[in-house]
Amino acid sequence: MTLRVCLCVTLLLSTATGLPRLNSRSSIVGGEDAAPGRWPWMVYLETIEGEDDSYCGGSLINTGWVLTAAHCLDNIRLTGVRVGLLKVLEPTGWHYGVRRVLIHPGYLNFEKHDIALVQLDDYVVISDLVMPVALPTPRDVFSTRSECWVTGWGNVDDDTSLGGNKTLQQLKLPLVDDDTCRMMWPGTNDNHLCAGYMEGGKGSCLGDSGGPLVCKSSSGKFVQVGVVSFVLARGCTQRGYPGVYTRVISYTKFIKDAIRKYS
């Protein structure tokens, strides 16, 4: 498999949104190598954008569907997905083709409804390395004290790509309360959530948009609460600006309706 190189696109949103300049692809700063099978739902999207290769992450939510960010697939050709992948330059895991891409009908750039689904052309085989992630229910309650993690293959600093064999990175990070999230990002709403360190230095950056933010539930299992959406263009982990994620529970109807209709 050829290496997919991130094409980082900086967008200037309408002043009506209240959002500053943002990066539309994101990855991990301050993380560490993940162990094989640690995040068995992690998916690598194989895409081609014009003449440039591009990549994003995603999550396996059942044996036939992947959840990701809408901006990862907007006007971009998805050539397939790879599950069970750990190191990009030592391709392992299993490749699956794509039957259908469903971008949320209300998606606008990436500040509104930045979520999408990919239906695979075959059912994946579940194993210790490949397993769907649980989606949130109204009974799940998470707070700033919950154990949460984000994963991705992108940059490890603003201008520094992931080196070596490009091993999947993991980072434990806290959720940010909604009031602080809205104050730092005035254009966000209840369909967004924030996570990261307010002092900066760690968080999502350029290269892994669409990847999952998971938190441990009271039962001890990980639940996907967010999808990596955007960060500041002038710095991936700038002090006072946590990363913004699409809030998954806001889209359970979109997800369930699509799977019911097309499966």
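## Arginine over aromatic rings

In this predicted model, the charged end of R38 sits over the ring of W149, 5.5 Å from its centre. The charged end of R38 also sits over the ring of W39, at 4.1 Å from the ring centre.

## Disulfides in the structure

Three disulfides are found when the whole structure is searched. They are C56 with C72, C148 with C215, and C181 with C194.

## C148 and C215

The sulfur atoms of C148 and C215 are 2.0 Å apart. Strand β12 (residues 148-152) holds C148, and strand β17 (residues 212-216) holds C215; the bond thus links distant parts of the chain, 67 residues apart. The S-S torsion of C148 and C215 is about 105 degrees, so this disulfide is right-handed.

Both ends fall under the 20% limit for a buried residue. C148 is buried at a relative accessible area of 1%, and C215 is buried at 0% relative accessibility.

## C56 and C72

C56 and C72 form a disulfide with their sulfur atoms 2.2 Å apart. C56 is in strand β6 (residues 52-62), while C72 is in the loop between β7 (65-68) and β8 (77-83), so the bond ties together parts that are 16 residues apart in sequence. With a torsion of about -85 degrees around the S-S bond, the disulfide of C56 and C72 is left-handed.

C56 has a relative accessible area of 3% and is buried. C72, at 2% relative accessibility, counts as buried too.

## C181 and C194

The disulfide between C181 and C194 has an S to S distance of 2.0 Å. C181 lies in helix α1 (residues 178-184) and C194 in strand β15 (residues 192-195), 13 residues apart. The torsion about the S-S bond of C181 and C194 is about 60 degrees, so the disulfide is right-handed.

C181 is buried at 0% relative accessibility. C194, at 1% relative accessibility, is likewise buried.

Definitions and conventions
Residues are numbered from 1 along each chain as its sequence is written. This is a predicted model: local features need pLDDT of at least 70, side-chain atom pairs count only at pLDDT 80 or more; totals for chains, interfaces and linings use all residues. Side-chain values use heavy atoms; hydrogens and water are left out. A charge sits over a ring if NZ of Lys or CZ of Arg is within 6 Å of the ring centre and within 35 degrees of the ring normal. A disulfide is a pair of cysteine sulfur atoms within 2.5 Å. Helices (H or I, at least four residues) and strands (E, at least two) are DSSP runs, numbered from the N terminus. Buried means under 20% relative accessible area, exposed over 50%, partly exposed in between (1.4 Å probe, protein chains only).
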